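These notebook entries record what I looked up in one structure. Each entry takes up one topic.

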Amino acid sequence: MHIHILGICGTFMGSLAVLAKELGYRVSGSDANVYPPMSTQLEAAGIALSQGYRVEHLQPRPDLVIIGNALSRGNPAVEAVLDLGIPYISGPQWLAEHVLPERWVLAVSGTHGKTTTASMLAWILEHAGMAPGFLIGGVPRNFSQSARLGDTPFFVIEADEYDSAFFDKRSKFVHYRPRTLIMNNLEYDHADIFPDLEAIQRQFHHLLRTVPASGRLIFPAEDEALQRVLTMGCWSEQAATTMATDPQSSAVWRADKLSADGSHFRVWHHRQDVGEVQWSLTGDHSVSNALNAVAAAHHVGVLPQQALLALAEFQTPKRRMEVLGTPGGVTVYDDFAHHPTAIATTLQGLRQRIGEAPLLVLIEPRSNTMRMGVHKASLPASVSTADAVYWYQPEGLDWQLDDVVAACPNAAYLLQDISALVERVAAEATPGSHVVIMSNGGFGGVHGKLLLALQQRFAGQEC
């Protein structure tokens, strides 16, 4: 059976393509923008990729087309599918029908940290010998791919609240029917489809309705937005987590930071010390993600001590504070953060690790919510821990970044040309500097261009 996937280089759809290939389907796909790391993974899996949404890509005629949620009416490929009468389906529904039946689904939801937490959870189960299946909206570096069927009933999935397709406006995660559910956090996002936070909370309520009474919900005790979701109804076991310092906290799971940057912490279960973790990650958000992953793994029988051993070997997924290189002693990171809260927590965690070392940040406001300017008032404060911020004004942004740049509490610059951006940062970075590139897209290839520029600048110099 031949499946063609429209929007195949999206993190979810690319992972789904890997699963379809593993199930024995012939898989092809097309996308408007084909770029690593997903394109590299798909090509390695033997999946044919086509650039753009041309009608010719549907020849020979596939048996089924899976349509990504980035596509809508008016897209040439979508119109051809409808006109030719080719059977079509959304990605989440296909997954629910062909992969998830009879599985113990462990779902990771929330505004921030889904990819990293799902990767942690899958790695904990793998380290414990449970060989889980998984689908992660990114490329986890503890594994060789972003999705696999696995050898046991356990299946870890990144559960996104974004809509399923142009013909199915329900959130993706309502298709998954988890038995173990993590709700990491909840803030307003996806302004292109949700009018307000209450609309997102309603979708999370729908998700909670699908968890059985014998299932378990793991959530941070202090998140007020999630508490409002719980008041709408919860019929499952609950295991609250906390990073509060009060040892008498009523939360089932608690983490104590043993270092300011979060690279060393202790875990408590029912007020019993179950062990410590020393790892490469930083930030309170990373510790919270880890605690939720440990709690979810415990629901399927992994002892906390086993989980903590796995975390010590955990590697962040690609594009989640991934170190790309250190040319001339300048450490360059690639990060997917595209919301003020994620930007702030990521930079705060790094600042706590590097101390007074120079911290330079490049930001492309690319997500749909960013393009609409919903969070522009929060952006200046989100970068307060940086020494210098280089804002890139991409084409198609519905507003100008001038006011954000003017309101930044540190040195801030606005650039509209990638070459000029690379030239400036490469000239201003010094040995010992840390440069963080933040975007949820390709950012005009700035990552490779900056690494090359730094290599050329410091060529022949001792680091």
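**Entry: helix 8 and helix 9.** I looked up how helix 8 (residues 284-299) and helix 9 (residues 304-311) are placed in this predicted model. Their axes lie 9 Å apart, and the packing angle is about 135°. Helix 8 is therefore oblique to helix 9, since an angle counts as roughly antiparallel when it is over 145 degrees. I noted the crossing of helix 8 and helix 9 as right-handed. On the side of helix 8, the contact is made by Ala290, Val294 and His298. Helix 9 contributes Pro304, Ala307, Leu308 and Leu311. Sorted by class, the residues of this contact between helix 8 and helix 9 are six nonpolar and one polar, with no charged residue.

**Entry: helix 14 and helix 15.** I next turned to helix 14 (residues 418-428), which packs with helix 15 at an angle of about 40°. The axes of helix 14 and helix 15 are 9 Å apart. This angle makes helix 14 oblique to helix 15, because roughly parallel applies to angles under 35 degrees. The crossing of helix 14 and helix 15 is right-handed. From helix 14 I listed Ile418, Leu421, Val422, Val425, Ala426, Ala427 and Glu428 as contact residues. They meet Val446, Lys449, Leu450, Ala453, Leu454 and Arg457 of helix 15. The contact of helix 14 with helix 15 has 10 nonpolar and three charged residues, and no polar ones.

**Entry: helix 1 and helix 4.** I then examined helix 1 (residues 11-22) and helix 4 (residues 91-98), whose axes come within 11 Å of each other. They cross at roughly 30°, and helix 1 and helix 4 are therefore roughly parallel. Helix 1 passes helix 4 in a left-handed crossing. In helix 1, I found Phe12, Met13, Leu16, Leu19 and Ala20 in the contact. Their partners in helix 4 are Gly91, Pro92, Trp94 and Leu95. I counted this contact of helix 1 with helix 4 by class as eight nonpolar residues, one polar and no charged.

**Entry: backbone.** For background, I noted that most residues other than glycine have a negative phi, and that most peptide bonds are trans. Glutamate 102 is not a glycine, yet its phi is positive, at about 65°. I located glutamate 102 in the loop between helix 4 and strand 6 (104-109). Between glutamine 59 and proline 60, I found a cis peptide bond with omega at about 0°. Proline 60 belongs to the loop between strand 3 (48-51) and strand 4 (64-67).

**Entry: second largest pocket.** Which residues lie nearest the centre of the second largest pocket? I found Pro36, Pro37, Arg319, Asp334 and His447 there, out of 13 lining residues. Strand 18 (322-325) and helix 15 (446-457) are the elements that give two or more residues to the lining of the second largest pocket. I recorded a volume of about 240 Å³ for the second largest pocket. Its lining has four nonpolar, five polar and four charged residues.

**Entry: cavity.** How many cavities of 30 Å³ or more does the structure hold? I found one. The largest cavity has a volume of about 40 Å³. The residues that line the largest cavity are Pro247, Ser249, Ala251, Val252, Arg254, Trp268, His269, His270 and Arg271.

How values were computed. Residues are numbered from 1 along each chain as its sequence is written. This is a predicted model: local features need pLDDT of at least 70, side-chain atom pairs count only at pLDDT 80 or more; totals for chains, interfaces and linings use all residues. Side-chain values use heavy atoms; hydrogens and water are left out. Axes are lines fitted to C-alpha atoms, for helices over the stretch in contact, and angles run from 0 to 180 degrees between N-to-C directions. Helices (H or I, at least four residues) and strands (E, at least two) are DSSP runs, numbered from the N terminus. Angles under 35 degrees count as roughly parallel, over 145 as roughly antiparallel, 65 to 115 as roughly perpendicular and the rest as oblique. A crossing is left-handed if the near helix is turned anticlockwise from the far one by less than a right angle, and right-handed if clockwise. Contact means heavy atoms within 4.5 Å. Ala, Val, Leu, Ile, Met, Phe, Trp, Tyr, Cys and Pro count as nonpolar, Asp, Glu, Lys and Arg as charged, and the others, Gly among them, as polar. On a 1 Å grid over the protein atoms alone, a cavity is a set of points where a 1.4 Å probe fits but cannot get out, and a pocket is an open set with protein on both sides within 12 Å along at least five of seven lines; lining residues have an atom within 4 Å of a point. Grid points are joined across faces, edges and corners, and a volume is the space filled by probe spheres set on the points.
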